[in-house]
Amino acid sequence: GIQQSFRSLVMAPVGQNFRPAFAVTRGDFAKAMVLGGRVPQYLPQQSRYSDVRDRATMLFVESVQAGPNGALFPSVNGSTFQPNANVDRLSAVVALVRAAGLQQQAETGTHTLTYTDTLSIPSSLRGYVDVAIQSGLTRPHGTAFNPQGSFTRLDLARAMARLSTMPLQ
């Protein structure tokens, strides 16, 4: 079914093991968004990121950053995308909320978070955390959100399964 597709196509196992606790890289996250059909494919003549040179990675990275609704990763450091760096939980929820078409909901209204680490989440991004959790795109870690923690393969699998039930924007 759909979960097997995510497991095999979007998130290839490491050897024979899925490794649910392993961190997801920014490049793998971008690949999942494209292969999962959440952003249209876009391949420019040349990458705008100095650290993205192979065509496959460029397809995924440029697609998530040049979508019609804006970049999924808003805080890209200048001319690099860092495709091999791990995705932190805060960047992941911003990208997931944008991929789900819920950006306006995240950026408007009142969003009150009651996590023990709420103050470590920038106030401008707290709506993204709230919307991501309320819509089932991610879960808190007990009484904390853990914004700087790694977004894991299991987190991505759950998010992709939830995104698959949401309408495309």
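Contact here means heavy atoms within 4.5 Å. The model is predicted, so local features need pLDDT of at least 70 and side-chain atom pairs count only at pLDDT 80 or more, while totals for chains, interfaces and linings use all residues. Residues are numbered from 1 along each chain as its sequence is written, and side-chain values use heavy atoms, with hydrogens and water left out.

Start with the whole protein chain. It has 7 helices and 0 strands; helices (H or I, at least four residues) and strands (E, at least two) are DSSP runs, numbered from the N terminus. Of the 169 residues, 45% are buried (under 20% relative accessible area; exposed is over 50%, partly exposed in between; 1.4 Å probe, protein chains only). Among contacts with a separation of 6 or more, 70% join residues 24 or more positions apart.

Next, select L96, in helix α4 (residues 89-99). L96 is buried, at a relative accessible area of 0%.

Move to Q82, in the loop between α3 (55-65) and α4. Its phi is positive, near 60°, and Q82 is not a glycine. Q82 is partly exposed, with a relative accessible area of 34%.

Finish at N146, in the loop between α6 (126-134) and α7 (153-163). N146, also not a glycine, has a positive phi of about 65°. Most residues other than glycine have a negative phi. N146 is partly exposed at 29% relative accessibility.
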